[in-house]
Amino acid sequence: MADHVYNYVKPVFSSIANWQNQIPDFVDMSSLPSFRQLSKAVSAAVPAALFASGVARGGSPPSCSNPQLSCHNTTVVADTCCFNAPGGQLLQTQFWDNNPPTGPSDHWTVHGLWPDHCDGSFDQYCDPNRQYTNISSIIAAAGRTDLLDYMNTYWKDYQGNDESFWEHEWGKHGTCISTLKPSCYTGYAPQEEVVDYFQKTVDLFKTLDSYAFLSAAGIVPSTIKTYTSTEILAALAKPRGVQVSIQCKNGALDEIWYFFDVRGSVQTGTFVPAEPDGSKSSCSATGVKYLPKTGTPPSTTMTTSTGTPPTSTPTPGGPFSGKGTLPVTTGGTANGCIISGGTWYTTGTCAAFTATASGSGFTLTSSKGKCAVANNVLTCASTVTTATVFSTVNGKLAYNGNTSFYTNSVPTGSTQASVSVAQQATTLTIGWTAS
């Protein structure tokens with residue numbers, strides 16, 4: 001952004017510098033403002049001039065000449081500012097939250113934009129220095145209130161914490177898109193890649209009206225009628241000519257994943273519809289429910305800021321308190337989080353927990369109920385009558401002073417893994433990110 005400011009004010013300062021040399025001899029110079037005074041006035045006015053339109057002027061995304069299509073290369077492509085790698089297949093994912101409902105009753109909502117490795121595997125949380133908080137403030141500071149307004153309607157968290165949801169999607173997935181790295185921009189302005197990520201996700205989402213695609217095939221929400229996976233997949237494939245992946249929860253359709261390869265950068269490249277990269281649908285062959293949105297929408301918790309957006313998420317070191325999420329680390333790498341039932345999930349949205357002081361430690365509660373270690377397994381449920389009192393060691397969740405938890409294997413896709421305090425094949429630790 002400094003380059004843009006310099007180019008904007010350079011002719012102004014040049015004019016000021018020459019101005020005094022052009023004043024006639026009979027003019028009393030002592031009555032006129034000095035060069036320093038005029039320069040100071042111009043310097044103070046520049047920000048107002050630059051931002052008067054409400055739009056911050058940032059850098060330029062990479063200019064890509066004859067870019068290759070991601071996931072179609074036969075040799076390594078060095079320029080990952082114009083070629084998305086290793087996350088070459090981009091998934092625009094959508095939710096159907098029916099109870100509590102999110103978004104309009106006749107529209108799906110945004111889940112995110114995920115970079116996959118062209119084979120179904122993926123990276124996550126790729127840059128700890130860009131785990132930004134207060135996404136809404138970053139977008140508002142860029143003057144993109146139109147984008148923020150759209151997100152407030154169509155990019156919703158089923159628990160009402162939209163801000164936390166957006167932070168999760170950016171931190172887990174956005175930081176892993178190679179063409180969004182700050183080094184790819186000319187005249188980079190801090191956090192502008194965040195705005196580009198959310199804008200591109202919304203732009204793609206607007207072209208993928210899942211409700212309309214399904215309705216055109218006679219597939220509409222119903223409390224009585226069910227559908228086959230083949231019918232649903234055919235309806236969603238027809239407008240694009242390629243298959244999608246559908247996900248179900250408790251026998252009901254609740255997610256759609258659209259796949260793209262990209263020719264060029266995410267910011268300015270062409271998104272080409274692609275076949276799924278290995279991610280499979282989880283719905284049954286028959287009897288798939290598509291339930292109407294019912295109940296009361298969650299009360300939305302909004303986070304606003306008039307100051308400078310934070311540049312990173314702080315790492316807490318003391319006892320957990322208030323509301324937050326439980327991110328999981330295994331093998332030194334952040335990998336998913338604990339969800340509301342107490343299980344480990346690597347591909348979904350982190351659940352919100354409440355930490356409440358108790359004795360020398362604290363208890364945890366999720367939307368499912370109190371959390372406890374029962375029969376060596378972490379469980380959060382309404383049937384839990386006495387919550388376990390946990391502690392922390394170096395910012396990690398501890399049970400009986402031990403921060404190591406275990407599971408048989410790292411979960412993938414829609415699989416959830418039980419978390420145990422009894423030693424098993426895979427060791428993990430559990431942190432805390434305050435909401």
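Although Cys118 is not a glycine, its phi is positive, at about 70 degrees. The structure is a predicted model, in which local features need a pLDDT of at least 70 and side-chain atom pairs count only at pLDDT 80 or more, whereas totals for chains, interfaces and linings use all residues. Residues are numbered from 1 along each chain as its sequence is written, and side-chain values use heavy atoms, with hydrogens and water left out.

Two cis peptide bonds were also identified. One runs from Ala85 to Pro86, with omega near 5 degrees; Pro86 belongs to the loop between helix H2 (35–51) and strand S1 (89–95). The other joins Asn99 to Pro100, with omega near 0 degrees, and Pro100 lies in the loop between S1 and strand S2 (109–116). Most residues other than glycine have a negative phi, and most peptide bonds are trans.

The average pLDDT (the predictor's confidence in each residue, from 0 to 100) is 83 for the protein, and 82% of the residues score at least 70. Residues 1–27 stay under 50 and have 36 contacts beyond four places in sequence, a contact meaning heavy atoms within 4.5 Å. The pLDDT is also below 50 over residues 35–57, a stretch with 32 contacts beyond near neighbours in sequence. Where pLDDT is low, the predicted coordinates should not be read in detail.

Helices H5 (residues 162–172) and H6 (residues 192–206) pack with their axes 11 Å apart, at an angle of about 105 degrees. Axes are lines fitted to C-alpha atoms, for helices over the stretch in contact, and angles run from 0 to 180 degrees between N-to-C directions. H5 and H6 are therefore roughly perpendicular (65 to 115 degrees). Trp166, Glu169 and Trp170 of H5 meet Glu193, Val194, Tyr197 and Phe198 of H6. The residues of this contact comprise five nonpolar, no polar and two charged; Ala, Val, Leu, Ile, Met, Phe, Trp, Tyr, Cys and Pro count as nonpolar, Asp, Glu, Lys and Arg as charged, and the others, Gly among them, as polar.

Strand S4 (245–249) and strand S5 (252–263) each supply at least two residues to the lining of the second largest pocket. S5 gives the most, with five residues.

Definitions and conventions. Helices (H or I, at least four residues) and strands (E, at least two) are DSSP runs, numbered from the N terminus. Angles under 35 degrees count as roughly parallel, over 145 as roughly antiparallel, 65 to 115 as roughly perpendicular and the rest as oblique.
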